[in-house]
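User: I would like to learn how to read helices, sheets, domains and chain contacts in a model. Can we work through one case together?
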Amino acid sequence: MKRQIPLIIVITLGFIFVAHTFIPSKTSVDFYDWWVSWSKAISPFAVVLGILSLFMVHGTKIQRKAPNWQYSLVTLAALVFTAFAGFAWGTSEGTPFMWMFKNVQMPMSATMFSLLAFYIASAAYKAFRAKSPQATLLLLAAFIVMLGQVPLGAAISKWIPETSQWILNVPNLAAKRGIATGVGLGSTATALKILLGIERTYLGSD
Amino acid sequence: MTFWEKIQEIDRRWIYLVVLLCIIIPLLIPFNSKTYVTEPTSNLYKKIDSFAGKEDKAMLLSFSHDASTMAELFPMEVSILRHCFERNIKVFTICFSPAAAPLMAYAINVAKEDYENLESGVDYCNFGYKPYGLFLPIVLGMGDDVSEAVDTDTDGRKIKNLEIMKGIRNYDDLNLIVDFAASSAVFSWITYARVRFGANVAAGVTAVMAADNYPYLQSGQLVGMLSGLKGAAEYEKLVDVFAAYEDEQNPDGREFSQEVIKNTWVPIMEKTISYTGDTEMQTDVELPYKFKQARIGMNAQSIAHIMIIIFIIIGNVGYFLSKKNNNEV
(Lines give C-alpha, C1' and ligand atoms only; values in the text may rest on other atoms or scores of the structure.)
Protein backbone atom coordinates (compact mmCIF):
# COMPACT_ATOMS: atom_id res chain seq x y z
CA MET A 1 0.00 0.00 0.00
CA LYS A 2 2.90 2.32 0.86
CA ARG A 3 4.00 2.24 -2.77
CA GLN A 4 0.69 1.57 -4.49
CA ILE A 5 -1.23 4.61 -3.20
CA PRO A 6 1.40 7.22 -4.27
CA LEU A 7 1.69 5.38 -7.59
CA ILE A 8 -2.08 5.56 -8.16
CA ILE A 9 -2.11 9.29 -7.26
CA VAL A 10 0.74 10.04 -9.70
CA ILE A 11 -0.74 8.02 -12.58
CA THR A 12 -4.28 9.35 -12.11
CA LEU A 13 -3.28 13.02 -11.76
CA GLY A 14 -0.73 12.65 -14.57
CA PHE A 15 -3.39 11.48 -17.03
CA ILE A 16 -5.87 14.14 -15.78
CA PHE A 17 -3.34 16.92 -16.51
CA VAL A 18 -2.52 15.45 -19.92
CA ALA A 19 -6.27 15.46 -20.66
CA HIS A 20 -6.60 19.03 -19.32
CA THR A 21 -3.84 20.19 -21.69
CA PHE A 22 -5.00 18.43 -24.82
CA ILE A 23 -8.81 18.30 -24.34
CA PRO A 24 -9.99 21.72 -23.11
CA SER A 25 -13.48 21.62 -21.57
CA LYS A 26 -15.40 23.24 -18.70
CA THR A 27 -14.83 20.21 -16.47
CA SER A 28 -11.07 20.28 -17.01
CA VAL A 29 -10.93 24.06 -16.43
CA ASP A 30 -12.95 23.72 -13.19
CA PHE A 31 -10.65 20.93 -12.01
CA TYR A 32 -7.63 23.04 -12.84
CA ASP A 33 -8.99 26.02 -10.82
CA TRP A 34 -9.62 23.71 -7.87
CA TRP A 35 -6.07 22.37 -8.13
CA VAL A 36 -4.63 25.93 -8.25
CA SER A 37 -6.29 26.82 -4.93
CA TRP A 38 -4.84 23.65 -3.38
CA SER A 39 -1.35 24.32 -4.67
CA LYS A 40 -1.52 27.84 -3.19
CA ALA A 41 -2.32 26.32 0.21
CA ILE A 42 0.45 23.70 -0.02
CA SER A 43 3.28 26.14 -0.86
CA PRO A 44 3.64 27.79 2.59
CA PHE A 45 4.15 24.36 4.19
CA ALA A 46 7.25 23.88 2.03
CA VAL A 47 8.71 27.07 3.54
CA VAL A 48 8.03 25.84 7.08
CA LEU A 49 9.61 22.48 6.22
CA GLY A 50 12.68 24.23 4.77
CA ILE A 51 13.21 26.42 7.85
CA LEU A 52 12.73 23.46 10.22
CA SER A 53 15.20 21.40 8.22
CA LEU A 54 17.77 24.21 8.28
CA PHE A 55 17.43 24.58 12.06
CA MET A 56 17.71 20.83 12.61
CA VAL A 57 20.84 20.41 10.44
CA HIS A 58 22.70 23.44 11.78
CA GLY A 59 21.37 23.09 15.33
CA THR A 60 22.79 19.57 15.51
CA LYS A 61 26.16 20.79 14.18
CA ILE A 62 26.32 23.52 16.82
CA GLN A 63 25.25 21.17 19.60
CA ARG A 64 27.89 18.57 18.70
CA LYS A 65 30.55 21.22 18.06
CA ALA A 66 31.16 19.61 14.68
CA PRO A 67 34.04 20.98 12.53
CA ASN A 68 33.30 24.59 11.42
CA TRP A 69 30.23 24.76 13.69
CA GLN A 70 30.78 28.52 13.95
CA TYR A 71 29.55 28.93 10.35
CA SER A 72 26.32 27.18 11.28
CA LEU A 73 25.86 29.68 14.08
CA VAL A 74 26.35 32.57 11.64
CA THR A 75 23.86 30.96 9.21
CA LEU A 76 21.15 30.62 11.84
CA ALA A 77 21.82 34.09 13.31
CA ALA A 78 21.60 35.61 9.81
CA LEU A 79 18.35 33.75 9.13
CA VAL A 80 16.75 34.89 12.40
CA PHE A 81 17.96 38.48 12.17
CA THR A 82 17.04 38.93 8.49
CA ALA A 83 13.58 37.48 9.07
CA PHE A 84 13.12 39.67 12.15
CA ALA A 85 14.23 42.80 10.26
CA GLY A 86 11.83 41.97 7.43
CA PHE A 87 8.86 41.37 9.73
CA ALA A 88 9.57 44.30 12.04
CA TRP A 89 10.39 47.11 9.59
CA GLY A 90 9.31 45.74 6.21
CA THR A 91 11.43 45.24 3.11
CA SER A 92 11.08 48.56 1.30
CA GLU A 93 13.81 51.09 0.55
CA GLY A 94 15.46 52.59 3.64
CA THR A 95 14.69 49.67 5.98
CA PRO A 96 17.35 47.58 7.82
CA PHE A 97 16.41 44.60 5.60
CA MET A 98 17.21 46.55 2.42
CA TRP A 99 20.40 47.92 4.03
CA MET A 100 21.57 44.39 4.75
CA PHE A 101 20.66 43.28 1.25
CA LYS A 102 22.63 46.09 -0.37
CA ASN A 103 25.64 46.02 1.94
CA VAL A 104 25.97 42.34 2.86
CA GLN A 105 24.10 40.07 0.45
CA MET A 106 24.90 41.92 -2.79
CA PRO A 107 28.69 42.32 -2.35
CA MET A 108 29.12 38.80 -0.92
CA SER A 109 27.18 37.13 -3.74
CA ALA A 110 28.98 39.21 -6.38
CA THR A 111 32.34 38.29 -4.83
CA MET A 112 31.57 34.57 -5.01
CA PHE A 113 30.48 34.83 -8.65
CA SER A 114 33.44 37.00 -9.66
CA LEU A 115 35.86 34.25 -8.59
CA LEU A 116 34.89 32.64 -11.89
CA ALA A 117 36.98 35.22 -13.78
CA PHE A 118 40.11 34.15 -11.89
CA TYR A 119 39.50 30.45 -12.44
CA ILE A 120 38.72 30.93 -16.14
CA ALA A 121 41.92 32.93 -16.70
CA SER A 122 44.01 30.39 -14.84
CA ALA A 123 42.39 27.44 -16.65
CA ALA A 124 42.82 29.17 -20.03
CA TYR A 125 46.52 29.61 -19.37
CA LYS A 126 47.22 26.18 -17.90
CA ALA A 127 44.89 23.88 -19.82
CA PHE A 128 43.58 25.37 -23.11
CA ARG A 129 46.07 23.76 -25.55
CA ALA A 130 45.86 23.30 -29.33
CA LYS A 131 46.79 19.63 -29.03
CA SER A 132 44.59 18.43 -31.91
CA PRO A 133 42.84 19.92 -34.98
CA GLN A 134 39.54 19.93 -33.05
CA ALA A 135 41.10 21.77 -30.10
CA THR A 136 42.68 24.28 -32.52
CA LEU A 137 39.30 24.92 -34.13
CA LEU A 138 37.77 25.43 -30.70
CA LEU A 139 40.55 27.86 -29.79
CA LEU A 140 40.05 29.91 -32.95
CA ALA A 141 36.27 30.02 -32.41
CA ALA A 142 36.85 31.09 -28.80
CA PHE A 143 39.21 33.90 -29.91
CA ILE A 144 36.68 35.26 -32.40
CA VAL A 145 33.70 35.04 -30.03
CA MET A 146 35.67 36.62 -27.17
CA LEU A 147 36.80 39.49 -29.40
CA GLY A 148 33.33 39.83 -30.95
CA GLN A 149 31.81 40.26 -27.50
CA VAL A 150 33.82 43.39 -26.67
CA PRO A 151 34.06 46.86 -28.28
CA LEU A 152 37.69 46.21 -29.23
CA GLY A 153 36.62 43.48 -31.67
CA ALA A 154 34.47 45.91 -33.67
CA ALA A 155 37.28 48.48 -33.52
CA ILE A 156 39.74 45.99 -35.11
CA SER A 157 37.32 44.95 -37.89
CA LYS A 158 33.56 44.86 -38.40
CA TRP A 159 34.02 41.23 -39.51
CA ILE A 160 34.92 40.12 -35.99
CA PRO A 161 31.50 40.78 -34.39
CA GLU A 162 29.78 39.51 -37.55
CA THR A 163 31.80 36.28 -37.60
CA SER A 164 31.24 35.91 -33.86
CA GLN A 165 27.49 36.22 -34.43
CA TRP A 166 27.71 33.65 -37.27
CA ILE A 167 29.49 31.17 -34.99
CA LEU A 168 26.72 31.58 -32.41
CA ASN A 169 23.93 31.47 -34.99
CA VAL A 170 25.08 28.51 -37.07
CA PRO A 171 27.52 25.95 -35.57
CA ASN A 172 26.57 26.70 -31.96
CA LEU A 173 22.88 26.59 -32.80
CA ALA A 174 23.18 23.29 -34.66
CA ALA A 175 24.87 21.68 -31.65
CA LYS A 176 22.35 23.16 -29.22
CA ARG A 177 19.44 21.95 -31.37
CA GLY A 178 20.89 18.44 -31.39
CA ILE A 179 21.22 18.46 -27.60
CA ALA A 180 17.73 19.95 -27.15
CA THR A 181 16.18 17.28 -29.40
CA GLY A 182 17.91 14.56 -27.39
CA VAL A 183 16.77 16.08 -24.09
CA GLY A 184 13.21 16.48 -25.42
CA LEU A 185 12.98 12.86 -26.53
CA GLY A 186 14.50 11.71 -23.23
CA SER A 187 12.05 13.82 -21.18
CA THR A 188 9.07 12.51 -23.16
CA ALA A 189 10.21 8.92 -22.69
CA THR A 190 10.74 9.46 -18.94
CA ALA A 191 7.35 11.19 -18.57
CA LEU A 192 5.62 8.31 -20.34
CA LYS A 193 7.46 5.77 -18.16
CA ILE A 194 6.30 7.62 -15.01
CA LEU A 195 2.74 7.94 -16.31
CA LEU A 196 2.57 4.23 -17.09
CA GLY A 197 4.12 3.25 -13.77
CA ILE A 198 7.27 1.76 -15.33
CA GLU A 199 9.62 4.31 -13.74
CA ARG A 200 9.21 4.15 -9.94
CA THR A 201 12.53 5.33 -8.54
CA TYR A 202 10.91 8.57 -7.27
CA LEU A 203 9.03 6.44 -4.71
CA GLY A 204 12.27 5.58 -2.89
CA SER A 205 13.87 2.23 -2.21
CA ASP A 206 11.72 0.78 0.61
CA MET B 1 64.94 25.03 -17.13
CA THR B 2 64.28 27.31 -20.12
CA PHE B 3 62.22 30.51 -20.00
CA TRP B 4 59.26 28.79 -21.68
CA GLU B 5 59.38 25.89 -19.26
CA LYS B 6 59.40 28.35 -16.36
CA ILE B 7 56.41 30.11 -17.90
CA GLN B 8 54.58 26.78 -18.00
CA GLU B 9 55.10 26.31 -14.28
CA ILE B 10 54.21 29.85 -13.20
CA ASP B 11 52.40 30.15 -9.87
CA ARG B 12 48.70 30.76 -10.54
CA ARG B 13 48.65 33.58 -8.00
CA TRP B 14 50.55 35.73 -10.52
CA ILE B 15 47.75 35.05 -13.01
CA TYR B 16 45.19 36.07 -10.40
CA LEU B 17 47.09 39.32 -9.80
CA VAL B 18 47.10 40.16 -13.53
CA VAL B 19 43.34 39.40 -13.73
CA LEU B 20 42.70 41.64 -10.75
CA LEU B 21 44.62 44.57 -12.27
CA CYS B 22 43.07 44.11 -15.72
CA ILE B 23 39.59 44.37 -14.24
CA ILE B 24 40.08 47.01 -11.56
CA ILE B 25 42.05 49.59 -13.57
CA PRO B 26 39.46 50.08 -16.38
CA LEU B 27 36.72 50.34 -13.75
CA LEU B 28 38.62 53.01 -11.83
CA ILE B 29 39.75 54.88 -14.95
CA PRO B 30 36.89 54.52 -17.45
CA PHE B 31 37.41 55.40 -21.12
CA ASN B 32 35.16 55.82 -24.13
CA SER B 33 34.58 52.76 -26.28
CA LYS B 34 32.15 52.08 -29.11
CA THR B 35 29.24 49.68 -28.67
CA TYR B 36 28.19 47.49 -31.60
CA VAL B 37 24.43 46.79 -31.34
CA THR B 38 23.40 43.24 -32.28
CA GLU B 39 20.09 42.19 -33.82
CA PRO B 40 18.61 40.33 -30.80
CA THR B 41 19.05 43.52 -28.72
CA SER B 42 17.60 45.89 -31.32
CA ASN B 43 14.66 43.51 -31.89
CA LEU B 44 13.82 43.60 -28.19
CA TYR B 45 14.16 47.39 -28.11
CA LYS B 46 11.81 47.75 -31.09
CA LYS B 47 9.25 45.40 -29.55
CA ILE B 48 9.22 47.30 -26.26
CA ASP B 49 9.12 50.64 -28.03
CA SER B 50 6.08 49.56 -30.06
CA PHE B 51 4.10 49.67 -26.76
CA ALA B 52 4.92 53.37 -26.20
CA GLY B 53 1.94 55.40 -25.01
CA LYS B 54 -0.56 52.53 -25.51
CA GLU B 55 -3.08 51.97 -22.75
CA ASP B 56 -3.96 48.43 -23.85
CA LYS B 57 -0.38 47.15 -24.07
CA ALA B 58 1.99 46.35 -21.23
CA MET B 59 5.05 44.29 -20.47
CA LEU B 60 6.10 42.06 -17.61
CA LEU B 61 9.64 41.81 -16.25
CA SER B 62 10.36 38.56 -14.48
CA PHE B 63 13.39 38.56 -12.15
CA SER B 64 14.76 35.02 -11.93
CA HIS B 65 18.20 35.56 -10.44
CA ASP B 66 19.92 36.49 -7.21
CA ALA B 67 22.53 39.10 -6.30
CA SER B 68 25.49 37.02 -7.57
CA THR B 69 24.69 37.81 -11.21
CA MET B 70 23.73 41.45 -10.64
CA ALA B 71 26.86 42.74 -12.38
CA GLU B 72 25.52 41.47 -15.70
CA LEU B 73 21.76 41.57 -15.24
CA PHE B 74 21.09 44.65 -13.11
CA PRO B 75 22.19 47.18 -15.81
CA MET B 76 19.78 45.49 -18.27
CA GLU B 77 16.92 45.76 -15.81
CA VAL B 78 17.60 49.43 -15.10
CA SER B 79 17.93 50.19 -18.84
CA ILE B 80 14.65 48.51 -19.77
CA LEU B 81 12.82 50.20 -16.89
CA ARG B 82 14.32 53.53 -17.96
CA HIS B 83 13.08 52.87 -21.52
CA CYS B 84 9.57 52.17 -20.18
CA PHE B 85 9.56 55.30 -18.01
CA GLU B 86 10.91 57.50 -20.81
CA ARG B 87 8.36 56.28 -23.37
CA ASN B 88 5.33 55.91 -21.11
CA ILE B 89 5.10 52.12 -21.37
CA LYS B 90 3.13 50.21 -18.74
CA VAL B 91 5.45 47.83 -16.93
CA PHE B 92 4.84 45.07 -14.37
CA THR B 93 7.46 43.18 -12.37
CA ILE B 94 7.32 39.77 -10.69
CA CYS B 95 9.70 37.22 -9.17
CA PHE B 96 9.40 33.65 -7.95
CA SER B 97 12.54 33.61 -5.86
CA PRO B 98 12.78 35.37 -2.47
CA ALA B 99 16.36 36.41 -3.29
CA ALA B 100 15.12 38.34 -6.33
CA ALA B 101 12.49 40.39 -4.47
CA PRO B 102 14.86 43.06 -3.04
CA LEU B 103 16.66 43.21 -6.39
CA MET B 104 13.41 43.98 -8.11
CA ALA B 105 12.53 46.75 -5.66
CA TYR B 106 16.07 48.12 -5.95
CA ALA B 107 15.99 48.17 -9.77
CA ILE B 108 12.66 50.02 -9.79
CA ASN B 109 13.90 52.56 -7.23
CA VAL B 110 17.14 53.19 -9.12
CA ALA B 111 15.38 53.63 -12.47
CA LYS B 112 12.53 55.82 -11.26
CA GLU B 113 14.64 58.32 -9.25
CA ASP B 114 14.88 60.63 -12.26
CA TYR B 115 11.14 60.57 -13.03
CA GLU B 116 9.22 62.62 -10.48
CA ASN B 117 5.70 61.99 -11.75
CA LEU B 118 5.80 58.21 -11.83
CA GLU B 119 3.24 56.51 -9.66
CA SER B 120 3.07 52.89 -8.52
CA GLY B 121 -0.18 51.29 -9.66
CA VAL B 122 -0.56 53.86 -12.43
CA ASP B 123 2.65 53.85 -14.51
CA TYR B 124 4.20 50.67 -13.16
CA CYS B 125 3.25 47.88 -10.79
CA ASN B 126 5.38 45.52 -8.75
CA PHE B 127 3.58 42.20 -8.27
CA GLY B 128 6.33 41.30 -5.81
CA TYR B 129 7.54 37.87 -4.77
CA LYS B 130 5.30 34.87 -5.36
CA PRO B 131 6.34 31.42 -4.10
CA TYR B 132 7.81 29.19 -6.82
CA GLY B 133 5.09 26.63 -6.14
CA LEU B 134 2.69 29.13 -7.70
CA PHE B 135 4.77 29.65 -10.84
CA LEU B 136 2.66 27.41 -13.05
CA PRO B 137 -0.74 28.51 -11.72
CA ILE B 138 0.24 32.18 -12.15
CA VAL B 139 1.83 31.83 -15.59
CA LEU B 140 -1.11 29.81 -16.90
CA GLY B 141 -3.66 31.88 -14.97
CA MET B 142 -2.42 35.13 -16.54
CA GLY B 143 -3.50 33.67 -19.88
CA ASP B 144 -7.10 34.07 -18.68
CA ASP B 145 -7.02 36.99 -16.25
CA VAL B 146 -3.94 38.71 -14.81
CA SER B 147 -5.78 40.24 -11.85
CA GLU B 148 -7.18 36.85 -10.83
CA ALA B 149 -3.90 34.97 -11.23
CA VAL B 150 -1.80 37.48 -9.28
CA ASP B 151 -4.49 38.94 -7.02
CA THR B 152 -2.39 41.47 -5.05
CA ASP B 153 0.74 43.55 -5.65
CA THR B 154 3.73 43.91 -3.34
CA ASP B 155 1.90 46.54 -1.25
CA GLY B 156 -1.07 44.22 -0.78
CA ARG B 157 -3.36 46.19 -3.09
CA LYS B 158 -5.92 44.33 -5.20
CA ILE B 159 -4.56 44.24 -8.75
CA LYS B 160 -7.98 44.62 -10.34
CA ASN B 161 -8.53 47.97 -8.60
CA LEU B 162 -5.32 49.55 -9.88
CA GLU B 163 -5.46 52.20 -12.59
CA ILE B 164 -2.66 50.54 -14.55
CA MET B 165 -4.97 47.55 -15.18
CA LYS B 166 -7.23 49.63 -17.44
CA GLY B 167 -7.14 47.82 -20.79
CA ILE B 168 -4.99 44.98 -19.42
CA ARG B 169 -6.65 41.59 -18.99
CA ASN B 170 -4.46 38.72 -20.20
CA TYR B 171 -1.50 37.93 -22.48
CA ASP B 172 -3.29 39.64 -25.40
CA ASP B 173 -2.57 42.91 -23.58
CA LEU B 174 0.30 41.98 -21.27
CA ASN B 175 1.93 41.02 -24.51
CA LEU B 176 5.65 40.88 -23.71
CA ILE B 177 7.50 39.03 -20.97
CA VAL B 178 11.19 39.64 -20.41
CA ASP B 179 12.82 37.11 -18.11
CA PHE B 180 16.13 38.04 -16.48
CA ALA B 181 17.95 34.89 -15.51
CA ALA B 182 21.24 33.18 -14.93
CA SER B 183 19.54 29.86 -15.60
CA SER B 184 17.16 28.30 -18.10
CA ALA B 185 14.12 29.90 -16.39
CA VAL B 186 13.05 31.56 -19.63
CA PHE B 187 12.23 28.15 -21.15
CA SER B 188 9.25 27.86 -18.79
CA TRP B 189 7.87 31.16 -20.09
CA ILE B 190 8.36 29.91 -23.65
CA THR B 191 6.65 26.59 -22.88
CA TYR B 192 3.62 28.00 -21.08
CA ALA B 193 3.14 31.68 -21.99
CA ARG B 194 4.45 31.59 -25.56
CA VAL B 195 3.32 28.18 -26.83
CA ARG B 196 -0.04 28.11 -25.10
CA PHE B 197 -1.14 31.76 -25.20
CA GLY B 198 1.03 33.32 -27.92
CA ALA B 199 2.64 35.88 -25.60
CA ASN B 200 5.90 37.42 -26.79
CA VAL B 201 8.83 36.30 -24.69
CA ALA B 202 12.34 37.75 -24.50
CA ALA B 203 15.36 36.99 -22.34
CA GLY B 204 18.00 38.93 -20.50
CA VAL B 205 20.62 36.37 -19.57
CA THR B 206 24.18 36.07 -18.34
CA ALA B 207 26.73 35.61 -21.13
CA VAL B 208 27.32 31.95 -20.28
CA MET B 209 23.62 31.18 -20.72
CA ALA B 210 23.24 33.08 -24.00
CA ALA B 211 24.40 30.25 -26.27
CA ASP B 212 21.56 28.03 -24.99
CA ASN B 213 18.95 30.52 -26.17
CA TYR B 214 19.97 30.87 -29.82
CA PRO B 215 17.68 28.06 -31.07
CA TYR B 216 14.70 29.92 -29.58
CA LEU B 217 15.79 33.21 -31.14
CA GLN B 218 16.04 31.65 -34.57
CA SER B 219 12.66 29.92 -34.25
CA GLY B 220 11.06 33.24 -33.22
CA GLN B 221 9.99 31.91 -29.82
CA LEU B 222 12.18 34.61 -28.29
CA VAL B 223 11.52 38.04 -29.79
CA GLY B 224 14.87 39.31 -28.55
CA MET B 225 17.66 38.71 -26.12
CA LEU B 226 20.17 40.69 -24.12
CA SER B 227 23.23 38.58 -23.58
CA GLY B 228 25.42 39.43 -20.62
CA LEU B 229 26.99 42.78 -19.94
CA LYS B 230 27.38 43.37 -23.68
CA GLY B 231 23.61 43.12 -24.19
CA ALA B 232 23.09 45.55 -21.31
CA ALA B 233 25.61 47.99 -22.83
CA GLU B 234 23.86 47.78 -26.20
CA TYR B 235 20.49 48.47 -24.60
CA GLU B 236 21.89 51.42 -22.63
CA LYS B 237 23.11 52.89 -25.90
CA LEU B 238 19.76 52.38 -27.63
CA VAL B 239 17.92 54.10 -24.80
CA ASP B 240 20.36 57.04 -24.95
CA VAL B 241 20.12 57.39 -28.71
CA PHE B 242 16.35 56.94 -29.10
CA ALA B 243 14.13 56.77 -26.00
CA ALA B 244 15.94 59.44 -23.95
CA TYR B 245 16.73 61.60 -26.98
CA GLU B 246 15.28 65.10 -26.88
CA ASP B 247 15.13 67.93 -29.39
CA GLU B 248 12.49 70.38 -30.60
CA GLN B 249 10.94 67.94 -33.08
CA ASN B 250 11.21 64.95 -30.75
CA PRO B 251 10.53 66.09 -27.16
CA ASP B 252 9.66 62.54 -25.99
CA GLY B 253 12.32 60.50 -27.73
CA ARG B 254 12.40 59.27 -31.31
CA GLU B 255 11.68 56.15 -33.32
CA PHE B 256 14.30 53.45 -33.80
CA SER B 257 16.34 53.72 -36.97
CA GLN B 258 19.05 51.33 -38.11
CA GLU B 259 20.78 54.16 -39.97
CA VAL B 260 20.96 56.40 -36.90
CA ILE B 261 22.31 53.64 -34.67
CA LYS B 262 24.97 52.74 -37.24
CA ASN B 263 26.29 56.30 -37.41
CA THR B 264 25.92 57.27 -33.78
CA TRP B 265 28.06 56.74 -30.79
CA VAL B 266 27.60 58.06 -27.32
CA PRO B 267 30.76 58.94 -25.39
CA ILE B 268 30.20 57.87 -21.81
CA MET B 269 32.86 59.97 -20.14
CA GLU B 270 31.95 63.46 -21.42
CA LYS B 271 29.01 65.75 -21.07
CA THR B 272 28.62 66.09 -24.82
CA ILE B 273 26.62 63.55 -26.76
CA SER B 274 27.99 63.59 -30.31
CA TYR B 275 26.45 62.30 -33.50
CA THR B 276 28.79 61.48 -36.34
CA GLY B 277 26.04 62.01 -38.93
CA ASP B 278 24.78 65.42 -40.07
CA THR B 279 23.59 66.48 -36.64
CA GLU B 280 25.45 67.02 -33.43
CA MET B 281 23.78 67.64 -30.09
CA GLN B 282 25.36 69.33 -27.13
CA THR B 283 24.10 68.76 -23.63
CA ASP B 284 25.20 69.95 -20.23
CA VAL B 285 23.76 66.94 -18.49
CA GLU B 286 26.24 64.25 -17.61
CA LEU B 287 24.79 60.76 -17.91
CA PRO B 288 24.40 59.32 -14.38
CA TYR B 289 26.59 56.30 -13.61
CA LYS B 290 23.55 54.01 -13.28
CA PHE B 291 22.67 54.61 -16.95
CA LYS B 292 26.16 53.86 -18.27
CA GLN B 293 27.42 51.20 -15.83
CA ALA B 294 27.27 48.38 -18.40
CA ARG B 295 29.36 50.37 -20.87
CA ILE B 296 31.94 51.14 -18.19
CA GLY B 297 31.92 47.46 -17.25
CA MET B 298 32.49 46.57 -20.91
CA ASN B 299 35.83 48.39 -20.76
CA ALA B 300 36.95 46.00 -18.02
CA GLN B 301 35.52 43.07 -19.96
CA SER B 302 37.41 44.15 -23.12
CA ILE B 303 40.70 44.17 -21.28
CA ALA B 304 39.90 40.88 -19.52
CA HIS B 305 39.10 39.16 -22.83
CA ILE B 306 42.33 40.40 -24.41
CA MET B 307 44.21 39.23 -21.32
CA ILE B 308 42.70 35.73 -21.58
CA ILE B 309 43.57 35.56 -25.29
CA ILE B 310 47.17 36.58 -24.49
CA PHE B 311 47.30 33.99 -21.71
CA ILE B 312 46.12 31.27 -24.10
CA ILE B 313 48.67 32.29 -26.73
CA ILE B 314 51.56 32.39 -24.21
CA GLY B 315 50.44 29.07 -22.73
CA ASN B 316 50.33 27.43 -26.17
CA VAL B 317 53.64 28.91 -27.37
CA GLY B 318 55.27 27.69 -24.15
CA TYR B 319 53.70 24.26 -24.53
CA PHE B 320 54.87 23.76 -28.14
CA LEU B 321 58.39 25.15 -27.55
CA SER B 322 58.86 22.97 -24.47
CA LYS B 323 57.61 19.95 -26.43
CA LYS B 324 60.00 20.75 -29.29
CA ASN B 325 62.94 21.10 -26.88
CA ASN B 326 62.07 17.79 -25.20
CA ASN B 327 61.87 16.04 -28.59
CA GLU B 328 65.30 17.42 -29.60
CA VAL B 329 66.84 16.19 -26.36
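**Reading a two-chain model**

Analyst: H1(A) is hardly covered: among its 19 residues, the count of buried ones is zero. Buried means 20 or more other C-beta atoms within 10 Å of the residue's own; exposed means 12 or fewer, partly exposed lies in between, and C-beta atoms are placed from the backbone. The model is predicted: local features need pLDDT of at least 70, side-chain atom pairs count only at pLDDT 80 or more, and totals for chains, interfaces and linings use all residues. Residues are numbered from 1 along each chain as its sequence is written, while chains are lettered from A and ligands numbered from 1 in the order written.

User: What span should helix H1 of chain A have at 1.5 Å a residue?

Analyst: Helices are DSSP runs of H or I with at least four residues, strands are runs of E with at least two, and both are numbered from the N terminus. The expected span is 1.5 Å times one less than the number of residues. H1(A), residues 4-22, should therefore span 27 Å, and its end C-alpha atoms are 27 Å apart, which agrees.

User: Which residues of H5(A) are buried?

Analyst: Ile144(A), Val145(A), Met146(A), Leu147(A) and Gly148(A). Their cover includes H6 (151-156) and H7 (159-169) of chain A, together with H12 of chain B. H5(A) itself covers residues 133-148 and reaches 22 Å from first to last C-alpha, close to the 22 Å expected.

User: How many residues of each chain are in contact?

Analyst: Contact here means C-beta atoms, placed from the backbone, within 7 Å. 45 residues of chain B touch 47 residues of chain A. Several helices of chain B each supply at least two residues to its side, among them H2 (12-28), H4 (70-86) and H12 (293-328). H12(B) gives the most, 14 residues. By class, this side of chain B has 26 nonpolar, 14 polar and five charged residues. Nonpolar means Ala, Val, Leu, Ile, Met, Phe, Trp, Tyr, Cys and Pro; charged means Asp, Glu, Lys and Arg; the others, Gly among them, are polar.

User: In what order do the six strands of the chain B sheet run?

Analyst: Strands of a sheet pair through backbone hydrogen bonds, either parallel or antiparallel. Pairing here needs at least two DSSP bridges between two strands. The order in chain B is S3-S2-S1-S4-S5-S6, an open sheet with parallel pairing. S3 (124-129) and S6 (225-227) of chain B are the edge strands, each pairing on one side only. The twist averages 15° from one strand to the next. Five bridges join S2(B), residues 90-95, to S3(B). Within S3(B), Tyr129(B) is the bridge partner of Cys95(B).

User: Which strands does H5(B) touch?

Analyst: Angles run from 0 to 180 degrees between N-to-C directions, and axes are lines fitted to C-alpha atoms, for helices over the stretch in contact. H5(B) touches S1 (58-64), S2 and S3 of chain B, at about 165° to S3(B). H9(B) lies across S4 (174-181), S5 (200-205) and S6 of chain B, at about 155° to S6(B).

User: Where do the domains of chain B lie?

Analyst: Domain bounds come from an automatic or database assignment. For chain B it gives domain 1 (3-30 + 292-328) and domain 2 (39-230). Their C-alpha centres are 38 Å apart. The contact takes five residues from domain 1 of chain B and four from domain 2 of chain B.

Note on methods
Contact = placed C-beta atoms within 7 Å.
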